[in-house]
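Hello,

Here is the structure I promised to pass on. Please open it alongside this note; my findings follow below.

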Amino acid sequence: MYTFKNFVSESIEPWSFKVQNLPDSSTRKKNKWVDFKAQKSPYILVKIGMTTKTVGTRLKEWENKCHHKLVNLGPMNRHLVLDQESSSVKALISGFLGLHITKQATSNDIAAYRRYKQEGFYCQENLDSVEKRIHQSLRHTYGAGDVYCKGCAPTTPTVKVKGGRAPFPVYNTHKEFFLIPKKDIDSIYELIDSICVKYG
Ligand SMILES: [Zn+2]
């Protein structure tokens, strides 16, 4: 599970990522392309893909092809997505009030995942169908959207413009990205883990 690095860290390179019709967009902005302020948004765009290599190798391959930096969003990096600021504010407030809040030791405990190791969730078999089931389940819950990417757009000038669906003329389309509420990230880890256990 991964996302674009620009979504979780201060911009490392000039970057413009526009989105259409996010669940929290106003009717006024319906069907309009607007800048995606990933760090402020309650949503994050993720991709879940399979590999027979190491996760690191797969991400490198993708980066080379797409020319965008990626970051692994597995459980060890969940802190990149969940709102650190608000949790530290909460801790501060509870400190003032003399409260003691114990840390939830459930799903953020990496060892609780049965199939998570070496920065990914692994399967012994049925890699294709496991990936398909995960995608189906996420599509069912969160819907689907394509990502139009200039980074790996075909370079040939003869490329056919596809009906102007994207905010720019020449692009490649990345499928199977999911816009998930950040607060759901633990349940998505659990979903992936349990599908790997059940079918892989
Ligand atoms: Zn790309």
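This is a predicted model: local features need pLDDT of at least 70, side-chain atom pairs count only at pLDDT 80 or more; totals for chains, interfaces and linings use all residues.

Start with helix α1, where Leu59, Trp62, Glu63 and Cys66 are buried. Viewed down the axis of α1, these buried residues fall within an arc of 100°, so they line one face of the helix.

The length of α1 gives a simple check. The helix runs over residues 55-66, which is 12 residues. At 1.5 Å a residue it should span 16 Å, and its end C-alpha atoms are 16 Å apart, so the two agree. Just after α1, His67 takes a positive phi of about 60°.

Next, the metal site. Which residues coordinate the zinc ion? They are Cys66 (SG), Cys149 (SG), Cys152 (SG) and His174 (NE2), at 2.1 to 2.3 Å. The 4 donor atoms subtend angles of 99 to 127° at the zinc ion. Four donors count as tetrahedral if all angles lie between 85 and 135 degrees, so this arrangement is tetrahedral. For reference, the ideal angle for four tetrahedral donors is 109.5 degrees. The donor residues are spaced C-x82-C-x2-C-x21-H in sequence. Are Cys152 and His174 buried or exposed? Both are buried.

Two polar residues also deserve a look.

Asn72 is in strand β5 (residues 70-72). Its relative accessible area is 7%, under the 20% cut-off, so Asn72 counts as buried. A polar atom of the Asn72 side chain lies 3.0 Å from the backbone oxygen of Glu119. Beyond its neighbours within four places in sequence, Asn72 is in contact with Met1, Tyr2, Val55, Leu59, Asn77 and Glu119. Leu59 is one of the buried residues of α1.

Asp193 is in helix α4 (residues 185-199). It is buried, with a relative accessible area of 3%. What does its side chain reach? The side chain of Asp193 reaches the backbone nitrogen of Arg114, at 2.9 Å. Leaving aside neighbours within four places in sequence, Asp193 is in contact with Ala112, Tyr113, Arg114, Arg115, Tyr116 and Phe121.

Best wishes

Definitions and conventions
Residues are numbered from 1 along each chain as its sequence is written. Side-chain values use heavy atoms; hydrogens and water are left out. Donors are N, O and S atoms within 2.8 Å of the metal (3.2 Å for Na, K and Ca); water is not among the atoms, so sites may look incomplete. Four donors count as tetrahedral if all angles lie between 85 and 135 degrees; four count as square planar and six as octahedral if opposite donors are over 155 degrees apart and all others between 65 and 115; anything else is irregular. Buried means under 20% relative accessible area, exposed over 50%, partly exposed in between (1.4 Å probe, protein chains only). Helices (H or I, at least four residues) and strands (E, at least two) are DSSP runs, numbered from the N terminus. A polar contact is a pair of N or O atoms within 3.5 Å; within protein, one must be able to donate a hydrogen and the other to accept it, and residues adjacent in sequence count only if both atoms are side-chain atoms. Contact means heavy atoms within 4.5 Å. The expected span of a helix is 1.5 Å times one less than its number of residues. The arc is that of the directions from the helix axis to the C-beta atoms.
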